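Me: Please show me the structure, and then we can go through it by question and answer.

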Amino acid sequence: MSATFEPEVVAFCCRHCAYAAADLAGSARQAYPTAVKVIELPCTGRIDIINLLHAFENGADGVLIAGCLEGKCHYLKGNLHARQRVRHVQKLMDDIGLEHERARMINISAAMGVQFAQLAGEHVETVRKLGPSPLRPKPRSGEAA
């Protein structure tokens, strides 16, 4: 593993809570790694297993799914459905020999900007320790790694 490895982490965030928390973290100048690429969703319940797998297939080293606090979902049970899907993806990852720790679900409220920054940073560190995803596309000859 290269000492300069900077993981790419895709964060699928619920519009009402997690995306607002990420925005609050930025407004409050709570830094979280630039490796985290935030994608806003109406609800984490809209995330599908195929979306999570496509993130890895397209070069993500890790995926973070961030939804409302349990029992506080704006769409009632969307975050619970998302958690089930994340568990299923983690099992699939184990089955194919990819570390399931690369996928993580967190629950957070809109007011938890500091916690979002902390949890996102923790996930990036976990992924950094695991190293580059074996699914990451290899650079073509002549391209920078």
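**Rings and sheet**

Me: Does Y32 count as buried, partly exposed or exposed?
Reply: Buried means under 20% relative accessible area, exposed over 50%, and partly exposed in between, with a 1.4 Å probe and protein chains only. The relative accessibility of Y32 is 23%, so Y32 is partly exposed.

Me: What should I know about the model and the numbering?
Reply: This is a predicted model, where local features need pLDDT of at least 70, side-chain atom pairs count only at pLDDT 80 or more, and totals for chains, interfaces and linings use all residues. Side-chain values use heavy atoms, with hydrogens and water left out, and residues are numbered along each chain as its sequence is written, from 1.

Me: Which kind of aromatic pair do Y32 and F116 form?
Reply: Rings of Phe, Tyr and Trp (its six-membered ring) pair if their centres lie within 6.5 Å; planes under 30 degrees apart are stacked, over 60 edge-to-face, and the rest tilted. The whole structure holds one aromatic pair. Its ring centres, in Y32 and F116, are 5.3 Å apart and the planes stand at 85°, so the pair is edge-to-face.

Me: Is F116 buried or exposed?
Reply: F116 has 0% relative accessibility, so the residue counts as buried.

Me: Which strands stand at the edges of the sheet?
Reply: Strands are DSSP runs (E, at least two residues), numbered from the N terminus, and two of them pair if DSSP finds at least two bridges between them. The open sheet has four strands in parallel pairing, ordered β2-β1-β3-β4. Each edge strand has a single partner, so one side is left without a neighbour in the sheet; these strands are β2 and β4.
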